[in-house]
Amino acid sequence: MNDMRLAERTVDTQGKPIKFSCRDVQVYYGDKHAIKDVNVDLEDKTVTAFIGPSGCGKSTFLRCLNRMNDTIDIARIEGKMILDGEDIYDRRVDPVQLRARVGMVFEKPNPFPKSIYDNVAYGPRIHGLSRNKAELDGIVEKALRGAALWNEVKDRLNETGTGLSGGQQQRLCIARAVATSPEVLLMDEPCSALDPIATSQVEELIDQLREEFSVVIVTHSMQQAARVSQKTAFFHLGNLVEYGTTDDIFTNPQDPRTESYISGKIG
Amino acid sequence: MTDAVSAGPRRVGAQGATRKSLLVADARTRRRNAAETRFKAYGIVAIAIAMLALVFLLFTIVRDGSGAFRQTFIDVPVTIDAAIVDPKGNRDQKDMAGVLTMSYGSMLEKSLETWVAQNNVQIEGLGKADYASFYSSQARATLRDMVLENPEIIGTTINVPALASSRVDGMFKGRVTAESAEIDARTSLAQFRLAEAMEEKGALTTRFNWDFVTQPDASDNRAEAAGLGVAIIGSAYMMLIVLVLALPIGVAASIYLEEFAPKNRLTDIIEVNISNLAAVPSIVFGILGLAAFINFMGLPRSAPIVGGLVLTLMTLPTIIISTRAALKAVPPSIRDAALGVGASKMQTVFHHVLPLAMPGVLTGTIIGLAQALGETAPLLLIGMVAFVTAYPSAPPEGLFEPASALPVQVYNWTQRADSAFFERASGAIIVLLAFLFAMNLVAIILRRRFERRW
């Protein structure tokens with residue numbers, strides 16, 4: 001499998017601190033070796049895009065970053081994933097605490113069938129982030145503002161979250177993830193179920209979120225990766241083929257596989 | 001030349017085949033459409049048969065059973081003769097209690113005789129025996145209880161509706177006719193004529209009979225007095241036990257199996273066996289209950305506690321299966337969402353998954369309860385078929401006292417000879433169906449209330 005790896009990867013940190021440092025990560029689904037020897041350093045306050053053809057393992061890798069793969073019985077993860085100096089797969093780590101620091105937004109908007117307010121307030125409530133109602137109101141408002149949704153929903157916070165449009169629902173899910181003030185925000189194809197207008201709103205939002213969080217986004221759309229990310233990682237058949245600044249990856253790919261994917265020959 | 005001629009029309013035909021008019025259905029389409037029409041017709045016929053069967057069933061039950069809710073009473077003034085009810089004249093409760101119900105019967109007979117004389121009713125062959133058997137033997141006991149409770153009515157003439165015997169009652173429900181009365185040992189043509197005359201003068205009335213749902217069962221020769229009171233209480237107690245035990249155990253088991261348990265051979269075996277248990281004949285649960293709860297644990301026979309435990313065991317698989325189906329139907333994206341914001345597994349289940357599964361859980365529970373309410377066979381084995389005339393006390397003590405159950409009461413009454421009991425059995429079925437209907441209504445309302453879209 002080592003021959004599939006690119007020997008030299010230029011990892012330019014651009015002076016930003018490293019948030020997530022992954023070393024020799026292997027993921028198995030039963031007998032299937034889904035992620036092979038992935039080494040990657042994800043920067044703080046940066047949007048990192050994972051691109052690659054379907055089934056290349058980019059979503060699998062993303063779900064490792066907040067241990068969502070723990071819910072799959074047959075998944076097995078090896079290697080080190082270090083968040084701010086602590087290995088998140090250490091036996092002492094409770095995934096519940098981890099997930100409050102590493103939030104996640106899913107492909108399909110999945111608001112709870114509760115009010116908009118309760119959707120956002122759920123995370124802070126279960127983590128005990130507020131002492132009283134006023135504080136919680138403040139957190140909810142900040143999160144909804146952060147997700148660029150406040151102006152649209154401020155008058156109907158008690159209406160059900162599932163009654164919003166698709167794009168609004170996805171921004172609500174982002175607000176819900178932001179409400180626990182995570183350090184890293186994982187997004188698994190957040191725009192694939194949205195129309196172009198909603199997509200551009202979410203992309204704009206992702207750009208704003210970069211100021212506060214480290215954002216990792218999995219996307220099928222290379223244009224989207226080019227638009228929103230500063231760093232891009234290209235996955236192919238479970239290998240991290242190439243990782244670098246988005247400009248480099250798209251204009252000057254080092255690996256022939258990256259080049260053929262970007263030019264539309266594979267994938 | 002011949003080739004060309006023969007080729008010509010063939011080509012035209014071939015062209016026609018490729019470009020057919022849309023206005024004319026071809027043979028294949030017609031066959032397909034006919035098959036579809038036939039299938040729809042089969043469906044409609046099947047539904048019609050089912051509906052007819054249901055209508056027929058309800059019609060016969062209502063026809064046979066509605067009589068049980070009406071009862072004939074004799075409105076004739078009765079003089080409470082002090083010489084009979086208080087022979088010592090001291091109004092002492094103990095002495096008065098020594099007077100048997102038989103003596104009260106003679107007062108009732110006398111009042112009827114007086115009425116006949118006063119109204120100048122002439123009936124051929126009307127004898128003492130006809131007066132005596134005109135009243136239900138329950139009527140004497142009721143009168144005696146009344147006198148013992150209010151001794152001040154002694155010596156006065158009171159106007160209390162007295163229960164007529166089941167034969168007299170039957171005359172007004174079509175069960176007893178002049179022809180059948182003539183050959184019946186327990187009534188006579190003279191009695192029939194007397195009843196007619198009394199009804200004409202308003203001394204016999206048939207009215208709604210609350211006693212049917214409030215009074216306990218009565219013995220074989222007092223069909224007119226038999227009621228469902230104890231059976232309803234017994235059934236209610238058992239439903240209470242089933243609800244309190246089966247709902248939490250069933251839901252907890254399903255949540256564990258569906259959300260927490262590892263998927264391995266052991267859980268597979270458990271799953272298969274739960275499904276199998278749902279198909280075990282109920283009488284087997286009765287034998288189990290007899291062996292485990294009565295013989296081994298020494299719980300009392302005929303008690304709602306034992307019936308409730310047996311029915312709990314029977315209901316558990318139903319609740320578990322439907323709860324698991326409801327949990328499975330909750331979209332996984334909701335679990336992801338909750339886990340994604342850092343909820344623990346248990347928070348995910350109790351804050352999000354279970355509330356969304358609630359309509360299914362409640363429907364399953366109420367269907368299970370309804371099934372348990374109508375279950376007869378296991379109750380026969382644990383002695384709930386006994387003749388119980390005393391109300392059990394309030395729970396929790398009452399759960400250990402003998403009681404009957406609605407379906408068992410139906411079974412019991414259909415065994416008895418007097419055709420009045422057949423009417424009462426049908427009436428009991430109406431009550432049972434009313435309870436089942438009410439439970440299903442509750443299920444529908446709860447489902448509507450908890451239903452959420454996502």
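Visitor: Which helix of chain B gives the most to the nonpolar patch?

Guide: Helix α2 (residues 27-65) of chain B does, with 3 residues, where helices (H or I, at least four residues) and strands (E, at least two) are DSSP runs numbered from the N terminus. This is a predicted model, in which local features need pLDDT of at least 70 and side-chain atom pairs count only at pLDDT 80 or more, while totals for chains, interfaces and linings use all residues. Residues are numbered from 1 along each chain as its sequence is written, chains are lettered from A and ligands numbered from 1 in the order in which they are written, and side-chain values use heavy atoms, with hydrogens and water left out.

Visitor: Which residues form that patch on the surface?

Guide: B:Leu54, B:Leu57, B:Leu58 and B:Leu433 form it, with about 330 Å² of accessible area together (Shrake-Rupley method, 1.4 Å probe; for residues, only the protein chains shown count as cover). Patches are made of residues with over 30% relative accessible area and no salt bridge, joining like charges within 9 Å and nonpolar side chains (Val, Leu, Ile, Met, Phe, Trp, Tyr) within 5 Å; a salt bridge is a side-chain nitrogen of Lys or Arg within 4 Å of a carboxyl oxygen of Asp or Glu.

Visitor: And B:Leu54, what is its relative accessible area?

Guide: B:Leu54 has 44% and is partly exposed, on a scale where buried means under 20%, exposed over 50% and partly exposed in between (1.4 Å probe, protein chains only).

Visitor: Now the interface: how many salt bridges between chain A and chain B?

Guide: The count is 0, although 5 residue pairs, both at pLDDT 80 or more, are in polar contact across the interface (N or O atoms within 3.5 Å; within protein, one able to donate a hydrogen and the other to accept it, and residues adjacent in sequence counting only if both atoms are side-chain atoms).

Visitor: What area is buried there?

Guide: About 1700 Å², of which carbon and sulfur atoms give 62%, taking buried area as the accessible area (1.4 Å probe) that two parts lose on being put together, summed over both.
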